[in-house]
Each structure stands twice: as C-alpha cells, then as structure tokens.
Amino acid sequence: MDMKVSKKKLGLKEKYQHMTRGLGWETTYQSMDEVFPYAKYEGIKIHDWEKWEDPFRLTMDAYWKYQAEKERKLYAIIDAYAQNNGHLSVTDARYINAVKLFLNGISPLEYMAHRGFAHAGRQFPGVGPRVACLMQSLDEIRHAQTQIHSLSNYNKYYNGFHEYRHMLERVWYLSVPRSFFDDAYTAGPFEFMVAIGFSFEYVLTNLLFVPFVSGAAYNGDMGTMTFGFSAQSDEARHMTLGLEVIKFILEQDPDNLPIVQQWIDKWTWRGYRVLTLVGMMMDYMLPKRIMSWKEAWEVYFEENGGALFKDLARYGIRPPKWLDQIEQDKDHISHQAWGTFYNYAAACNFHTWIPTDDELDWLSQKYPNSFDKYYRPRLEFWREEAKKGNRFYNKTLPMLCQTCQIPMIFTEPGDPTQICYREVDYKDNKYHFCSDGCKEIFEHEPEKYIQAWLPVHQIYQGNCFNEGVDPTAEGFDPLAAVLDYYHLNFGRDNLDFEGSEDQRNFEAWRGMATKNT
Amino acid sequence: MSKVFIALQTNDDTRSIIQAILADNPHAIANEQPAMVKIDAEGSLVVRRSTIEELIGRDFDLQELHINLISLTGHVDETDDELTLSWNT
C-alpha cells in the first residue's frame, strides 16, 4: 500500500478541526447533563454537535495574531487623534452629543455581550460553538474597552460622559438598552444566541456600525470611526456565527423550528425598538449627514434581511412578525424619538436642539411622506416658542411600555396622529404596551416582564432619590432630587445645546486652535 | 436573485483587495462611502487569494481580510484559496 505523504502544513480546514474539535471530551466523573445544566431546558434538541460548522475557520493562534494587529492600528489612530486635539476638528460641537449617547447607551451593552457569550459558551456541550463563543466574548470586552478608551478623550473636555456606569442603571432612557440586554442575558444559552448572535448581530448591528460609523468619519470623528470599524471587523465573524447557530439548530431537529421562530419574532422586534435611538442619532445628531435612517433601514434591513429570510425559508422560517408596522414606522420613529428627547432634555445627559433650516430641508427631502405633514410644523413651533422665551421642558413623567421600556411615543400603524396604547390584565395588575409586538412578547412570558425595573414607576415609588432625601419636605423638587440621584449636573449636562457650556468651550477652543490669541 | 455584500475600510491595504474582488466578480458593484467601500453582488461573490497576491506582489493569507473587514452578508465558505459569499436562493 502506498503511504500517503502528509503535507507539511495543515490546510485551513484540517487545522481548524485539530485546534477545536480535538479539544473536547465526554465527561465521566459527572454526567454531561450535570456539567451542562442549561443545555436542554429550553426545549432545543441537539443530536450531533459535530455537525456544527464554523465558516470562518479561525483558530485561537490566528485570532490573537489578527486581533493584536487590529488593536495596534486602533490605538495608533486614537493616540494621533488625541495628540492632535482631534475633538476640535469635528464638524460641529452638537455632534459630540451623538457620542455621549454611544458611550452611555451602547458601550455598556458590549460589556454585557461579553458576559453573555462567556456564559453561553460555557453552557454548550459542543466544542465548535464553545470556541466561537469564547472568541466573541473576548471581542465584546475588547469593544467595551476600546470604546471607553476612545471616548474618554471627550470626557476630558465635554459634559455628560462622566458617569456612564452609574447612569446606565438609573437614568430613565438608559433602561431601554439595558433591559434589552438583561432580557437576553437572563434567557437560556440557545435563546441568547438567537437573540444576540442572530437577531441583533446579523439582522441589526450593521445599522449601528456601518452607516453611523461612516457618518462619524464624515463628521471628522476619527476616534469613533476607528473603534467603530474595528468593532465591526469582528462583527463580520459574529454575524457568520449568528447565521450558523440558526442553521445548526434548525437542521438538528424539526421540533426546534417553532421555538426558533418565536425567538426570531421576539428579538427582531426587541432589537428594532432599541435601534430607535440610532435612527435619531443618524437623522438629528450628525451635522453632516450621510444617509437617512430610512435609507439605512432599506439597505441593511429590507434588502439584506430580505435576502436572509428568503434563504432561511427552506427551513420553514418565515420573516419576523410585525414587519408591516416596521415598514410604515421607518417614516416616523426617528422624528418621534427626537421630539421626545427635546421635551425631556432637562432629564438627559446630553443636549438637544431644533435642526437648522437646511437640516429641516434635508429631512423634508428624505421623508417626503411624513416630515412636512407631521414633524416639521411641530419643530418649527417649538423653535418659535423657544425664541419667545417659552422653551418648554416637560416635567411630567411619561407612561412606559412594560416590555421595551420606551415611553409611549409611538403611533398607531396607519395613523401617525394617534398614540398607540395596548394593555393586558395579568394577575391583579394592568400592564401597558407601546405596540402589538411588545404586548405579545409580554403575554408569552409575563412572569419575566412583570419584574421589569421601570424608571418612572421607580421614581414614583420613591426609589430614585439619594439616601436621606425627604420627599415630604416643604419645597421638595422631585426633578432636582432625581437628577442628583443620576449624578447629572443641572445646567451643564442637560438642557439645550444652545447656551451650553459645551457650546461655549468648543467655540473658544476652536478659536484658540486656529488663531494666536 | 438576492444580493450579497462585503464592506471594507478604505485604506492602502484594501485598495488591491477591492481591485482583485472587482476583477474576479465582473457582476459586482463598488459603492464608495465615507471611509469605506461596500461591494454588492447578485447571488454570490468570491475573494480569491491568487488575484490579490498578483496585485500586491507578496503572499497573502485570506484571513488577513479580518483586519480591514467591516461587514458582509451571505453564507461564508472559506478555504485557503477562496472566500465565497452566497445565498441559496
């Protein structure tokens, strides 16, 4: 028999095989079920973990090599940006408010994703997904760290960056992204993978990292551009993992289909709601605009997501529920969100403003079906009122949706003049929802969502004041007490951009950067 | 037919990669945006190591793509020589 001469170097596939699969074993001292206690309770049936295919056959040694190179590039740019006073070269100081939102609302989710993937990876009996989850877990902590490092440069000069950790667990609007990730993180490992790996990474993160980060570059923010693209270069791998998870689960057992479909419906809707924030950042907070939220949605959700779900149809998967409403909403949600923040700017850790005339024209042009009819007159009215000295800051706390925790700001499908309200009686209480989607998600797992920490309820229950504060004292100012509890400085971190310390400083410093005074 | 895409950062490393992709995929369309290039293609798209190597004049490991990659869609099939993106429909 001829001896086959083995190749000197292993091919990519063989190397991957040796460096992942070869590392697993069946436990004997304890049963596999005891070692992997969460692998079965969600009802997902896996018969053969060896069928898992990781399309990017990246092994740990290659992973470290390429990640190290990405880090070197990233820090070279971040250092250069800081050394060159890069913050003074952004288009307009209003832009900095977009990165405040990023640090406060998004970077902490990267850290939660790190924890989530570490947890999911630990719980899967299969070696392939364990290795992939380990890498993703490391990626996610890298994202949290690089974002914090990069944005800490802004914290030296501008307000609103100083206590993102503290604020995440307290500030009203930050409960939206936080509760989204808490929901995923407290689910089982398979649901977490469908929630974050598939629905969020595959279907939705392009919207955050691609057009918004390209917009950051367009607005002169090299720091955000570099951490954004560096993070997204990992996302390509994450998306591939997310898609593999779905295919793997569906190919393992026909009983898995309805469970997975329900998760896709739930998590696409949940993620879509969270992205309202990104829509507003793109349409209102980038002084130089690259594409509208609606255009980004059409490219990255409708076109790509459409191709994806057409492909998955062979497994019996149908597109996520409530797409009709999502389709109509793309003309509205960014405007509804900005209107809300403008109203509640006294309780925000960033500044708001009315867009300039040319920005209003841009919005009219990008949103021909909705902007002039519903939103432009409102913004112009607020601008007139502010000019007359009647800038109105809403101090009445809004009702929140029990599921997504967003104030009830969204309108009825088909009628943008009517706020959408839904309610459910459960046990002895009434629960309120912003949409059919959020209502149905609640009804599927009421015991989970009745535990929601809703900022408005918590304020009314007296749980959002510092220790020793007496709400019954004469002259008690609840807003001031809540802002103290948030560690938010009234008059510095909040209110309008016009007249803010950020605006004054930026103008003065930019002047110093270009003149010898 | 559904489209796949690959998006890369705009820089010196990717200039030849993009050129190679466009040469190997005549049906692909490059769409330049601030700091990035998005290449869309109907059905499928292939990134071929040999074409890149010819252009850059050195050995190239396809996994180097990860350094400048921004995003992609479609099923990924990666070998030592090619990275293919495709949809099954």
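1. A quick term before anything else: a residue is buried if 20 or more other C-beta atoms lie within 10 Å of its own, exposed if 12 or fewer, and partly exposed in between, with C-beta atoms placed from the backbone. By that count A:Pro446 is partly exposed, because 15 other C-beta atoms sit within 10 Å. A:Pro446 belongs to helix H19 (residues 446-449) of chain A; helices (H or I, at least four residues) and strands (E, at least two) are DSSP runs, numbered from the N terminus. The C-alpha atoms of A:Pro446 and A:Val424 are 9.9 Å apart, with 22 residues of separation along the chain.

2. Some housekeeping. This is a predicted model, where local features need pLDDT of at least 70 and side-chain atom pairs count only at pLDDT 80 or more, while totals for chains, interfaces and linings use all residues. Residues are numbered from 1 along each chain as its sequence is written, and chains are lettered from A and ligands numbered from 1 in the order in which they are written.

3. On to chain A as a whole. Chain A has 22 helices and four strands. Its radius of gyration, 24 Å, is close to the 24 Å from the globule rule for 517 residues, so chain A is as compact as a globular protein of that length. (The radius is taken over C-alpha atoms, and the rule is 2.2 Å times the number of residues to the power 0.38.) Of the 517 residues in chain A, 47% are buried.

4. Have a look at helix H8 (residues 189-209) of chain A. As for burial, 21 of the 21 residues of H8(A) are buried.

5. In chain B, strands E2 (residues 29-33) and E3 (residues 36-42) run antiparallel and are joined by five bridges; strands pair if DSSP finds at least two bridges between them. B:Gln33 has B:Met36 as its bridge partner. The hairpin has two residues between the strands, and B:Ala35 takes a positive phi near 70°.

6. Finally, the interface: 26 residues of chain B are in contact with 30 residues of chain A, contact being C-beta atoms, placed from the backbone, within 7 Å.

Methods
Contact = placed C-beta atoms within 7 Å.
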